Number of protein chains: 2
Amino acid sequence: MQKVLYPPKNEWSQLLERPDNGLEDVYDTARGILDDIKRNGDAALIKYTRMFDGVDLDMLEVSQTEIDEACMAVSSDLKDAILIAKQNIETFHQSQKTQREVVETMPGVRCWQKSVAIDSVGLYIPGGTAPLFSTVLMLGIPARIAGCKEVVLCTPANSEGQVNPAILYAASLVGVSRIFKLGGIQAIGAMAYGTASVPSVAKIFGPGNRFVTAAKQLVSLKDVAIDMPAGPSEVMVLADESADAAFVASDLLSQAEHGADSQVILLTDKESFLDEVEQEVQQQLQALPRKEIAQKALTNSRLVVLKSVEEMLEMCNAYAPEHLIISMRDDEQIANKVSNAGSVFLGNYSPESAGDYASGTNHTLPTHGYANAFSGVNLDSYMKKITYQKISAFGLTKLGPAIETMAEAEQLMAHKNAVTIRLKKMGK
Amino acid sequence: MQKVLYPPKNEWSQLLERPDNGLEDVYDTARGILDDIKRNGDAALIKYTRMFDGVDLDMLEVSQTEIDEACMAVSSDLKDAILIAKQNIETFHQSQKTQREVVETMPGVRCWQKSVAIDSVGLYIPGGTAPLFSTVLMLGIPARIAGCKEVVLCTPANSEGQVNPAILYAASLVGVSRIFKLGGIQAIGAMAYGTASVPSVAKIFGPGNRFVTAAKQLVSLKDVAIDMPAGPSEVMVLADESADAAFVASDLLSQAEHGADSQVILLTDKESFLDEVEQEVQQQLQALPRKEIAQKALTNSRLVVLKSVEEMLEMCNAYAPEHLIISMRDDEQIANKVSNAGSVFLGNYSPESAGDYASGTNHTLPTHGYANAFSGVNLDSYMKKITYQKISAFGLTKLGPAIETMAEAEQLMAHKNAVTIRLKKMGK
């Protein structure tokens with residue numbers, strides 16, 4: 001890990017550069033496969049699944065028998081843990097419900113906003129090195145709380161045509177409607193366009209590799225909404241003398257093991273802390289099965305000492321980290337000054353892995369600096385806010401003349417006439 | 001307008017087709033200009049402004065003198081009308097503020113969500129046939145209520161290098177920080193990348209033609225967030241025997257005059273209503289200055305009679321209209337069954353133009369069926385929701401084992417270790 005001492009501000013933007021996330025080289029591949037799926041439906045899905053996942057599927061959909069068997073295969077310890085996580089995630093996302101509030105902006109002019117569930121949503125759960133059943137909880141639970149009618153899940157099967165049992169258990173637990181053995185671009189294309197087997201959805205959620213990300217971006221241009229742009233995962237830690245070097249090192253490593261392109265950054269105002277953390281990182285690293293991945297990620301990473309807490313906050317807001325851990329004495333005060341971050345963890349006993357799994361907050365978060373404008377997945381992500389208005393005849397006599405004046409000034413006379421014709425009928 | 005009587009369901013999707021909105025033919029142009037702006041900054045902005053808007057600008061930024069002069073040029077009638085609209089828009093968007101609520105998902109595990117303003121936003125206001133100062137109110141007012149620090153506005157100047165006074169007055173009234181004489185792809189590129197004159201922003205809002213839409217989509221792939229995908233404007237009216245044919249015709253026309261690619265659709269269960277509305281449309285049309293535009297839009301439009309209110313609702317939800325007018329006796333009950341719409345207008349005295357200008361709801365709404373997954377612009381559009389958690393040592397002893405079990409099952413041992421190392425230190 002690169003150690004950086006008191007960098008001047010003109011070096012910050014270089015220091016905060018993220019590993020390259022360019023998708024230019026995969027757009028063409030993604031576009032070609034998406035077009036093929038749009039034209040040829042299931043046949044294309046089966047072809048690419050054979051090509052990329054090395055498995056020949058007769059049935060794309062996971063059967064009830066497979067789900068039942070998976071549920072039996074999951075250990076009771078893991079089931080208990082998943083139930084605790086589910087309960088907390090439900091509690092937190094349930095609390096995000098809002099009430100319809102009618103506002104009378106003028107006498108006789110009633111306006112309100114109502115959150116309405118998106119009818120059908122699609123969840124993508126990657127395969128690959130780790131079976132991410134936790135993401136099934138994070139994406140599936142708020143979909144059900146929102147009231148989405150159809151919740152479709154796609155995840156790749158292994159070379160035997162099987163899906164990880166914990167993924168199927170979690171999907172069944174949270175009430176996913178239908179599960180398909182599809183990965184990568186195929187999954188995104190299937191849910192965007194629909195095929196004979198797979199229904200199309202109105203919004204697609206979930207993480208994935210560069211091909212998945214590129215495919216999500218391409219379909220979002222025209223056909224379907226997506227949760228957010230995605231990039232490699234990252235954590236920033238703000239630490240002062242109250243932080244524990246071993247804890248901080250464990251948090252940096254838990255982010256680093258996600259992928260070789262992950263990035264972890266420590267900011268502190270205590271110079272000696274850099275060495276303490278580095279030593280702990282090196283020591284803890286040795287015991288990790290995903291040591292090689294973590295080591296690669298550490299080469300993208302930085303340990304930075306800054307002059308003041310103010311500088312730490314300024315650099316943090318400039319970086320807009322996906323995960324932010326504040327291990328500082330005044331953690332809550334500092335947190336109030338954070339303007340750009342996905343999810344924030346306060347104090348010494350809130351490891352990032354708590355939010356990754358079980359505390360209740362969502363782990364699908366904006367990466368790559370998108371936290372400057374995007375929220376993480378939350379209940380709102382599964383709903384749209386529709387506005388309503390009901391104006392009484394009296395209300396329109398009060399409001400109407402302003403509308404007429406403005407419409408005329410914008411040279412939109414039919415807009416004006418829609419008011420005039422009503423006022424006239426009332427004899428106004 | 002095409003009249004359609006009792007169409008069978010297998011003909012609905014064709015019936016509900018929108019005018020083609022393909023951007024494929026403008027992406028290349030937009031990409032080329034955006035690249036040029038990214039590389040050459042202000043020089044490229046000045047070059048394209050000369051080329052497309054026919055005006056040579058020394059200064060891209062509108063000066064305080066220009067703003068002051070514009071404010072004097074706007075009539076007091078129009079100022080009064082704008083102030084009424086501003087007041088109502090403020091009241092409605094202010095009511096969308098949410099409180100931070102701390103949820104204890106388990107003893108010692110506190111989670112909360114906080115809305116935080118996006119630091120800098122950019123508003124695009126088109127030039128063209130109508131000076132859309134109302135859009136300045138709709139986009140600028142919630143930005144200020146949210147607390148965005150920098151609010152940049154771009155709008156094209158006319159061939160004399162001037163911006164419409166009402167646009168400058170509205171911008172100054174709502175507290176826009178800086179105004180630039182830039183239109184089209186140039187405006188979007190400038191706000192996405194930043195130049196010597198124009199600051200880059202984190203999110204770009206506002207309507208525009210196909211070039212603007214294509215440019216917004218392209219920059220949203222990598223550089224900046226955007227409000228929503230945009231398409232031609234549209235209205236659907238649901239009417240029963242309580243509706244007034246003259247009022248309905250005026251609403252259809254106020255949408256039709258927006259652009260030749262606008263679409264207006266009437267659904268009713270009263271067959272004779274089609275002819276009544278058609279006659280009224282033809283009659284009112286004659287008096288409109290934008291008659292030609294409206295007439296073209298009417299060729300994309302339909303008057304449809306259906307068998308039942310249920311069918312009307314089903315077709316409405318399948319279409320997902322940007323604007324929905326419900327001129328029916330049971331308007332509030334019907335409105336409760338609407339699942340896909342941008343903004344809904346109830347009863348005989350809520351013309352769409354009320355929401356376009358002055359009732360308080362926002363007029364920047366999802367078109368082209370995107371209302372199935374997108375909200376219109378609202379206070380949330382200017383904020384992101386950051387989640388926070390603070391777990392006590394006690395809380396982690398309760399929650400920790402579930403995290404350890406789940407992390408191990410996902411084969412992410414560093415995630416597990418971040419908990420284990422803390423529990424050990426506590427002697428657990």
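Predicted model: local features only at pLDDT ≥ 70, side-chain atom pairs only at ≥ 80, totals over all residues.
View 1. The open sheet has 5 strands in the order 6-5-4-7-8, with parallel pairing. Strand 6 (178–181) and strand 8 (225–226) of chain B form the edges and have a single partner strand each, so one side of each is left without a neighbour in the sheet.

View 2. B:L139 lies in helix 5 (residues 133–146) of chain B and, with a relative accessible area of 0%, is buried. Leaving out residues up to four places away in sequence, B:L139 touches B:L123, B:Y124, B:I125, B:F205, B:G206, B:P207, B:T364, B:V377 and B:Y382. Of these, B:Y382 is 243 residues away from B:L139 along the chain, with 9.5 Å between the two C-alpha atoms.

**View 3. Strand 9 of chain B and its two partner strands.** Of the 6 residues of strand 9 (residues 234–239) of chain B, 6 are buried, so this strand is largely enclosed by the rest of the structure. B:E234, B:M236 and B:L238 point one way from the strand, whereas B:V235, B:V237 and B:A239 point the other way, and all are buried. Strand 9 runs parallel to strand 10 (residues 263–268) of chain B and is joined to it by 6 bridges, with B:L266 as the bridge partner of B:V237. Strand 9 also pairs in the parallel sense with strand 12 (residues 323–327) of chain B over 5 bridges, where B:V235 stands opposite B:H323. Together with helix 9 (residues 245–256) of chain B, strands 9 and 10 of chain B make a right-handed β-α-β unit.

**View 4. Helix 12 of chain B and the elements packed against it.** The buried residues of helix 12 (residues 309–319) of chain B are B:E311, B:M312, B:L313, B:M315, B:C316, B:N317 and B:Y319. These buried residues pack against several elements of chain B, among them strand 9, strand 10, strand 12 and helix 13 (331–336). After helix 12 of chain B comes B:A320, which has a positive phi, near 55°.

**View 5. The annotated position A:E322 in chain A.** An unreviewed UniProt entry carries the annotation "active site" for A:E322 and A:H323. A:E322 is placed in the loop between helix 12 (309–319) and strand 12 (323–327) of chain A, and its relative accessibility of 4% means that A:E322 counts as buried. Apart from neighbours within four places in sequence, A:E322 is in contact with A:S233, A:E234, A:A341, A:G342, A:S343, A:H363, A:L365, A:P366 and A:T367.

**View 6. The two chains and the relation between them.** Chain B is superposed on chain A by a rotation of 180° with 0.0 Å of shift along its axis, the RMSD being 0.0 Å. The two copies are therefore related as by a two-fold rotation axis. The same surface serves both copies, since 100% of the contact residues of chain B recur in chain A.

Conventions:
Residues numbered from 1 in each chain as written. Chains lettered and ligands numbered in written order. Heavy atoms only, no water. Buried < 20%, exposed > 50% of the residue type's maximum accessible area, 1.4 Å probe, protein only. Helix = DSSP H or I, 4+ residues; strand = E, 2+ residues; numbered from the N terminus. Pairing = 2+ DSSP bridges. Right-handed = clockwise from strand over helix to strand, strands pointing away. Least-squares fit on C-alpha atoms with pLDDT ≥ 70 in both. Contact = heavy atoms within 4.5 Å. UniProt positions renumbered as here; feature names shortened; annotations may be inferred.
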